[in-house]
Amino acid sequence: TLQLQAPPDLVKPEGGGNAAMSIMPVMGSVGSIAVISLGASGSGGVSSTRILMGAVILVASIGFVVMNLLRQRSTHRAAVTGSRREYLAYLAGLRSDVREAAAKQRVNAEWHMPAPTALAVLAEEGTRVWERRVGDPDLLHVRIGTATAPLCLTLEQAEPAPNSQPDPVAASAAHRFLATHST
């Protein structure tokens with residue numbers, strides 16, 4: 001029996017709290033912009049330099065928030081991609097083991113149950129003619145055709161943990177793996 005690991009859990013994006021924490025500096029910047037831009041100047045009016053400085057601070061703060069949100073998004077994508085890549089690499093390693101077991105099973109089946117077209121050649125050769133004795137369990141077993149057979153290994157998928165949300169891509173890959181390699 002070969003038990004597959006459960007697919008990895010779906011990677012959750014960072015919550016809205018992180019976005020709110022990114023927006024907090026902008027809110028603080030708006031207050032400082034108001035103080036700088038609208039604050040009293042020596043001549044009693046609002047200067048264009050102060051308005052320009054306030055606009056630059058506002059644009060820089062918004063840029064900071066946008067860059068922070070983009071960074072969070074790319075970090076989440078990288079985590080999802082890495083998790084999926086790891087699981088798919090695990091399945092690829094299992095695939096080679098399962099294919100090797102299937103090849104050995106096929107060779108064994110062809111040795112014990114040769115193709116009907118090969119029986120004449122085997123009888124003429126003579127080395128295997130009397131290998132089945134009266135007490136052998138495979139006495140008088142004959143192959144009359146071909147068909148699919150279950151794999152000599154039993155493939156089972158591990159039960160996911162309670163309350164887990166498996167990644168749909170990895171779960172689909174595991175399902176396809178089991179469906180493809182069980183026979």
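In α4, the buried residues (under 20% relative accessible area, with exposed meaning over 50% and partly exposed in between, using a 1.4 Å probe on protein chains only) are A170, A173, A174, F177, L178 and H181. Seen down the axis of α4, they fall within an arc of 135° (taken from the directions from the helix axis to the C-beta atoms), so they line one face of the helix. Turned away from that buried side is a face with the exposed residues H175, A179 and T180.

A word on the source: this is a predicted model, in which local features need pLDDT of at least 70, side-chain atom pairs count only at pLDDT 80 or more, and totals for chains, interfaces and linings use all residues. Residues are numbered from 1 along each chain as its sequence is written, and side-chain values use heavy atoms, leaving out hydrogens and water.

The protein chain has four helices and two strands, in the order β-α-α-α-β-α along the sequence. Helices (H or I, at least four residues) and strands (E, at least two) are DSSP runs, numbered from the N terminus. Of its 183 residues, 19% count as buried.

What do the buried residues of α4 pack against? Their partners are β1 (2-4), α2 and β2, with contact meaning heavy atoms within 4.5 Å. For α2 and α4, the packing angle is about 10° and the axes are 10 Å apart; the axes are lines fitted to C-alpha atoms, for helices over the stretch in contact, and angles run from 0 to 180 degrees between N-to-C directions. That makes α2 roughly parallel to α4, a label for angles under 35 degrees. Here is who takes part in that contact:

| Helix | Residues in the contact |
|---|---|
| α2 | R84, Y87, L88, L91, L94, R95, V98 and R99 |
| α4 | V169, A170, A173, A174, F177 and H181 |

The largest nonpolar core has twelve residues: L4, Y87, L91, L94, V98, L151, L155, A170, A173, A174, F177 and L178. Such a core is a set of buried Ala, Val, Leu, Ile, Met, Phe, Trp, Tyr and Cys residues joined through side-chain atoms within 4.5 Å. Both α2 (48-112) and α4 (168-181) supply at least two residues of this core, and α4 gives the most, with five. Leaving aside residues up to four places away in sequence, L178 touches L4, L155, E156 and Q157.

Finally, look at D167, in the loop between β2 (155-157) and α4. D167 counts as buried because its relative accessibility is 2%. Not counting residues up to four places away in sequence, D167 touches P8, D9, L10 and R84.

Technical notes: Parallel < 35°, antiparallel > 145°, perpendicular 65-115°, else oblique.
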